[in-house]
Structure formats: C-alpha cells, structure tokens
Amino acid sequence: MNVQRIKKNRILFGAVMGIALVYLALSIFFMERFFPGTQINGEDCGLLHVSEVEQWIFSQAEVYTLELSERGGGTEQLTMKDLGGYFEPHHQVLKAKRQQNGFLWPRMLWSRDSYEVYPEPVFEEEAFWQGLEALDCIQKEIAPRDAGIVFTDTGYRVLEEARGLKLDREAFAETIRQAFARLEPRVDLEEKGCYVEPAIYSDTQEFQEMTEQLDVWFSAQVTYEIGEKPLVVDARQIQEWILLSEAEGKAELQTEKIADYINILADAYDEESTKRVFYSTNRGRIVLTDRRHQWLIDREAEIAALTACIQEGGKIHREPYYQVPEGPSMGSEIGDTYVEVDMGAQHLWVYREGKMVLETDVVTGNTGLRRGTPGILAYVYSKERNRILRGEDYESFVRYWVPFYRGYGIHDASWRGNFGGSIYKTNGSHGCVNIPPSVMPSLFEHVELGMPVITYY
C-alpha cells in the first residue's frame, strides 16, 4: 500500500515538474520572442526575436520611398535622402515585447496582439525644407483664386473660384513628417488637406444673396426729365457707386458717391437760368445770371430718392425734387423797375418805371473772407419787419429785411457808422447788402415782391 502510494506521488511530482519545466522553458523562450499570431505593422511576427523584428523594420526603412499623389493626377516620389535625414535606432520593438510578459505566454492560446512600431525619422530642418521646395508640386504651384465680381459697362459677371495647386507649407510638411514616421507608402495630398483653398466660393449663400442684390440694382434705369435732353442713370453709372466685400458677401451703395453725382447734376442745372443783358447806371452793358425761378434741386431729398430707385430696381422716369421758391413766380424780363447794386462802387439805386427814386452807399459781403455778395439777377421774394438774422457766428436784429436770393437780402445795419468805399473788402457783411438805417425805411416802401434785384462787381 505504501509502495503504490509512493509510486503515485513520484509520478505526480514528475508530471508537475515536467509541466513546470515546460512552462519555464517557454517563458524563457518568449522573453525575447513574440507570441504566435502577433501582428507588427500589419505583418505576422509570431515567434520572431526582437532583434529579427528590428532588423526587418530597418530593412524596410532603408528602401522606403513615399509616393505623393497630387491634385490634378500628378505623382512624385520622396526618399529620406531627398530630405537629408535618417532613421534613428530605438527600442520601440523591445518596448512592444515588454507588453507581452513571457511568463504569461499561455494567454497566446486565446488572444492575439497587434503593435505598430516604426523607426524614428530625424530631419535637419534646412535640408528638410530644401528637399520639399525642390519638388515639382511646389516649383509649379498655382495660387487659388477667390470667387469675385467683375464690373462691365452693362452690369457685372461672376468670376468663379479656382482651386489652384498651391500647397499650404505647414500642412504639407506635417503630412510628410507623419508619413515618414509611419513608413506610409503613399499619401494623397488633397485628402490630407495640404492645398490652399479659395477663401470665397460662388455657391455660398452669402455670395448668392449678394449677386441677387446686384441683379436688382443693375436692373435700375432712372431717367431724369430735366433740361433739353433726358439724363439716364443706368448700370454703367451705378457700378461706380457700389462697394463690394466678397469675403463677407456684402454689396453696399456708397451714398457719398451718389451725393457727388447729384451735386454735379445740381450745379449744372441750377445754373441753367438764362443770361440777361442789363445796362447799368455807371458801367454800361452787363451780362447777368437770371435767378428768376429759383427752382433749385433739393440735393438731400434727391440723393435719398435716387438711392431708393436703385435699391428697388426697374425703369423709372422722374423729375428731381426741387426747393420750392418762396413768393410768386417771377417774370422773365428785367423791365424798368428794379434795385441795382454796384458792388465795385458800393452804391445802390432803386428805379421805378425808369426813374431813379433812391440811391445810397452800401456795404456788401466781405471779399477778404470770401463772403462776397454774389453777382446775379434775382427777385425780392419777401418783405419782413423786426427780424433776427442768424448764422454760424452771428445773430443780428434788423428792423427791415428784404431777401432776394437764398439767404441773401437787403437790410438796415445800425451797427455801422460808415458805408461805401472799400469797407467791404476787410469789414464787409456775411453776404447781405447793408443799408444805412436812415435810408432803409424809404427803400422798404419802394420795393415790392417780384421786383428784380441786380448785383454786380
């Protein structure tokens, strides 16, 4: 009984020791070798020694060539030699093996490991960039073009974007570094986002909204019924007033340029009054600008109106807004009843039915300060008493006020002790005709609404 038990124990002990020796032998074997089924960089490296895997990886690096797939279908090859670099040995394979504890080899029976291990690329920066710059994809690059608007005589056309072949240097360099670090056989530069793309595309909502707005503006055709020949504002003119910001998808009508146009228009047509020949008291024949109608274009109102017409689009015929004259409509002839002011002589006469009924020395606008009274033919459009005249830098009370053109008028000047001579050159008025207070009541009685006022130098 005891002998059999001893035999059994010896057999059991021998089996255990055998198993232990096998386990220990395999553990030692797998200390530097990879478990069966281990994948490294996609290849089966089971049972291979660490040194064998390292040698295999570096053998790949020695012949490694990266293929660049470029936009447009071109390809180029790039090697470590082209970039002046090298692959540095390291212990990444051993580190991967250390994740497989040799004493735990039994787990290989039910699990499989996979690792990625590559040699470390080392680049000298100057040589690296020189190698990149020598590539055809950089030497022959074409810059992208943003979508935009091109104005023409009849409107505009959309300039489509062009993607180009220009590489983003930083993105391109980083893609190359990563490819060499993983020994990738090929990289698609477009998929990797290495190209500089247009900043503005014509199919964006903002760009399309901008072109829709331009369509409306360029459909506008504003015909001014003014003067002898109608004046047309159309696409040729409108395009000069538009400020584009394609990047923001915005188009803006520049009010200041429309204002410049209206001011030129007003200056031209405000001067269209006919010229009149006048025979002065002391100077003989004089040609005057007749301001009889005073139908001046209301510039602010017309700027707003023209802007609105363009924004609405379509064809429209219109007359400009005018400043409605005060007082009755005036006749076209000077006649023989009028007020005459010789500003060179600083003297005024009042004629009624050809007979001079009043004369006096005056003081007119200060020419030294460029406030000279304009030389014109105008008409009395109001008669007022006890009026306060106000300007930017003055406020004066007058007992008699006879305006004849815009803010210009005839009034008494109680603050003056002298009239006539050359006072107006250095101490003249702000533009009005100053009359001695003792004379002004009589002049006020002689003038009437619609009476011509002739001023000249």
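Which strand does Asn-386 lie in? Keep that in mind for point 2; a few notes follow.

1. First, the ground rules. This is a predicted model, where local features need pLDDT of at least 70, side-chain atom pairs count only at pLDDT 80 or more, and totals for chains, interfaces and linings use all residues. Residues are numbered from 1 along each chain as its sequence is written, and side-chain values use heavy atoms, with hydrogens and water left out.

2. To the opening question: Asn-386 sits in strand E24, residues 384–390 (strands, E, are DSSP runs of at least two residues and helices, H or I, of at least four, numbered from the N terminus). Its phi is near 50 degrees, a positive value in a residue other than glycine. Asn-386 is partly exposed, at 44% relative accessible area (buried is under 20%, exposed over 50%, partly exposed in between, with a 1.4 Å probe and protein chains only).

3. Leu-47 also deserves a look: its phi is positive, about 70 degrees, and it is not a glycine. You'll find Leu-47 in the loop between strand E2 (43–44) and helix H2 (50–62). Leu-47 is partly exposed, with a relative accessible area of 42%.

4. Now the aromatics. There are 14 aromatic pairs (rings of Phe, Tyr and Trp, the last by its six-membered ring, with centres within 6.5 Å; planes under 30 degrees apart are stacked, over 60 edge-to-face, the rest tilted). One of them is Phe-29 with Phe-30, edge-to-face at 5.0 Å centre to centre and 85 degrees between the planes. Phe-29 is partly exposed at 37%, while Phe-30 is buried at 3%.

5. Phe-278 and Tyr-338 have ring centres 5.2 Å apart and planes at 90 degrees, so this pair is edge-to-face. Phe-278 belongs to strand E15 (residues 275–280) and Tyr-338 to strand E20 (residues 338–342), so the pair ties together parts that are 60 residues apart in sequence. Phe-278 is buried, with a relative accessible area of 3%, and Tyr-338 is buried too, at 10%.

6. One aromatic cluster is made up of Tyr-64, Phe-123, Phe-128, Trp-129 and Phe-180. Which residue lies over the face of Phe-128? That would be Arg-177, at 4.1 Å from the ring centre. Arg-71 lies over the face of Tyr-195, 4.5 Å from the ring centre. (A charge sits over a ring if NZ of Lys or CZ of Arg is within 6 Å of the ring centre and within 35 degrees of the ring normal.)
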